[in-house]
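Here are a few exercises to work through with the model open beside you. Try each task before you read its solution.

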Amino acid sequence: MLRFHNTLSGQLEEFRPLREGEVKFYFCGPTVWDYAHIGNFRSIGVFGDTLRRYLKFKGYRVTHVMNVTDVDDRIIERSQQAGLSLNDYTAKYIDALWEDFDALGCERPDIVPRATDHIPEMVALIDRLTEGGHAYRSDDSIYFRITSFPDYGKLSKINFAGNIAGASERIDTDKYDKEDARDFALWKSARSPDEAAWDAHIGRGRPGWHIECSAMSMKYLGETFDIHAGGIDLVFPHHENEIAQSEAATGKPFARYWLHAEHLKVEGETMSKSKGNYFTFRDLVGRGFDPVAIRYALLSVPFRKQLNFTLDDLRGHEKTVVSLRDFRARLIEARTEPGTNPVMRAAAARALEEFESGLDDDLNTSVALAAIHNLKREVNKALDSCEMYEDDRVDILNLIARFDSVLNIFGMPERGLLDAEIQTLIDERQEARRRRDFARADEVRDQLLARGIILEDTRDGVRWKRRGA
RNA sequence: GGCGGCGUAGCCAAGUGGUAAGGCAGAGGUCUGCAAAACCUUUAUUCGUCAGUUCGAUUCUGACCGCCGCCUCCA
């Protein structure tokens with residue numbers, strides 16, 4: 001039984017979609033003002049992807065929407081500094097986002113709406129709010145009236161009385177006039193003629209941050225949908241405000257399950273540019289780290305726990321990932337006798353049970369990975385002692401494919417065509433070994449190693465692989 | 001000040017009211033011409049500290065210490 005921790009209730013709940021067999025989920029995507037860092041990818045990349053893939057594994061038809069926020073204060077400021085239009089400025093980061101998604105092995109969401117393509121939908125939603133008395137105009141901007149939504153705070157459980165006292169220096173710094181410090185902008189009037197703005201009957205301006213997600217999620221998923229997810233920092237104010245806007249406008253529950261991924265730390269500290277521990281995904285790939293190992297790192301701790309990301313561990317994960325690839329390659333290549341071994345059957349069944357019950361428990365990826373490692377050990381042992389038969393081999397390869405349909409950590413099936421030159425050298429070494437000319441055999445092996453080719457002498461012949469693959 | 005999370009072996013970590021998954025690193029071994037890979041053994045009498053509840057707590061409660069996050073546009 002699949003369960004999620006729902007931020008709304010603060011509890012682990014059984015997941016039941018609105019419509020049997022079908023899940024509609026919205027993931028709060030990135031603001032494309034810079035390259036996304038590994039923390040972003042823990043959330044919008046691997047968390048969203050695992051959720052999507054596991055729902056499919058469970059047999060659901062999934063509609064996965066992830067927005068791209070391509071207008072906000074920072075983007076406007078930076079694009080002006082760069083002398084570029086909004087679109088020209090964000091295009092670079094959007095392209096990079098998909099490159100990184102692909103390299104990280106994340107499936108792309110089914111629908112990726114951009115804020116700037118949905119201004120009319122946002123204006124229409126603002127109109128609904130205004131008509132319902134939930135919005136008001138001040139200084140040519142439009143604000144949401146929080147006193148008109150009694151449930152405000154139900155997601156974040158924020159206690160405003162105690163809250164405002166201690167954090168007062170950070171509150172109410174807005175330059176606009178609002179009825180209540182908690183009210184937030186739905187539409188911001190253009191302050192200067194050259195800043196990005198849209199003409200609408202409510203005035204020339206741009207949308208507030210929160211309204212885009214309400215407008216776009218409801219457009220693609222309906223006024224009530226199953227899952228809304230994102231990083232934990234979005235709980236307040238972003239998601240709290242989305243709920244207020246959406247439910248005030250429609251009078252219906254907005255999203256039913258709210259899932260949030262914790263942040264990661266780097267070497268035990270908050271990741272920040274000033275601390276010098278700030279990594280974008282492409283930085284790490286550029287430094288030679290295996291993208292699959294990065295994915296493994298992001299999967300190694302359940303999403304609702306803070307993850308301590310360290311380069312030492314990443315090096316360890318690279319080895320782990322290689323051993324998983326080797327494991328599958330060995331199974332693909334093994335020559336087995338016909339038949340089956342009940343012990344292997346049982347091991348496979350146990351692995352599937354552990355994998356699924358782990359992920360059923362609020363996507364506990366640590367448990368799912370442990371199930372795979374335990375299976376790997378049992379299978380390797382059986383292969384060592386010839387207790388693996390053809391039916392087992394095929395079953396387990398299929399099982400690995402199922403596991404990998406969720407986690408995607410076994411990497412691409414390597415081994416394209418054998419490089420003829422490499423094969424010639426391997427043959428020459430085998431001939432030398434037959435002559436017991438080990439000096440020559442080692443020389444060939446070293447020669448190949450120098451070119452990044454690692455040889456392994458196995459019972460089923462010589463295997464070779466590229467270093468790091 | 002308000003709200004939330006965390007503190008488990010050298011490192012990253014899962015987890016449970018009944019006696020500690022998994023990965024990496026280390027040590028020894030099997031296999032091998034030697035390697036590599038794989039496998040085996042080994043590495044926490046113990047889960048931040050101190051009390052309490054209980055037949056029994058790492059797991060529940062309280063206090064304390066330490067760390068992290070959110071508190072108006074940050075994944």
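**Exercise 1. Work out how many residues meet where domain 1 and domain 2 touch, and what the contact is made of.**

Step 1. Count the contacts: 14 residues of domain 1 touch 18 residues of domain 2, where contact means heavy atoms within 4.5 Å. Before going on, a word on the ground rules: this is a predicted model, so local features need pLDDT of at least 70 and side-chain atom pairs count only at pLDDT 80 or more, while totals for chains, interfaces and linings use all residues. Residues are numbered from 1 along each chain as its sequence is written, chains are lettered from A and ligands numbered from 1 in the order in which they are written, and side-chain values use heavy atoms, with hydrogens and water left out.

Step 2. Chain A splits into domain 1 (3–261), domain 2 (304–407) and domain 3 (420–466), with bounds taken from an automatic or database domain assignment. The C-alpha centres of domains 1 and 2 are 38 Å apart.

Step 3. Get the area. About 1500 Å² is buried between domain 1 and domain 2, and carbon and sulfur atoms give 60% of that; buried area is the accessible area (1.4 Å probe) that two parts lose on being put together, summed over both. On the domain 1 side, Arg 42, Tyr 54 and Phe 57 supply 40% of the area buried against domain 2, more than any other three residues.

Step 4. Look for charge pairs. Two salt bridges run between domain 1 and domain 2, a salt bridge being a side-chain nitrogen of Lys or Arg within 4 Å of a carboxyl oxygen of Asp or Glu. Lys 58 and Glu 356 pair up through their side chains in a salt bridge, at 2.9 Å from N to O.

Step 5. Find the main contributor. Helix α1 gives the most to the side of domain 1 that touches domain 2, with eight residues. Helices here are DSSP runs (H or I, at least four residues), strands are E runs of at least two, and both are numbered from the N terminus.

**Exercise 2. Decide whether helix α9 is mostly covered or exposed.**

Step 1. Check each residue in α9 (291–299): eight of the nine are buried, so the helix is mostly covered. Buried means under 20% relative accessible area, exposed over 50%, and partly exposed in between (1.4 Å probe, protein chains only).

Step 2. Name some of them: the buried residues include Ile 294, Arg 295 and Tyr 296.

Step 3. Inspect the start of α9. There, a side-chain oxygen of Asp 290 comes within 2.8 Å of the backbone nitrogen of Val 292.

**Exercise 3. Find which parts of the chain the salt bridge between Lys 465 and Asp 326 ties together.**

Step 1. Check the distance: the two side chains meet at 2.6 Å, N to O.

Step 2. Locate both ends. Lys 465 sits in strand β15 (residues 461–466) and Asp 326 in helix α10 (residues 311–333), so the bridge ties together parts 139 residues apart in sequence.

Step 3. Check burial. Lys 465 is buried at 8% relative accessible area, and Asp 326 is buried too, at 16%.

Step 4. Asp 73 and Lys 188 form a salt bridge with their closest N and O atoms 3.7 Å apart. This one links helix α2 (residues 73–82) to strand β7 (residues 184–189), 115 residues apart. Asp 73 is partly exposed at 37%, whereas Lys 188 is buried at 18%.

Definitions and conventions. Polar contact = N/O pair within 3.5 Å; in protein donor to acceptor, adjacent residues only side chain to side chain.
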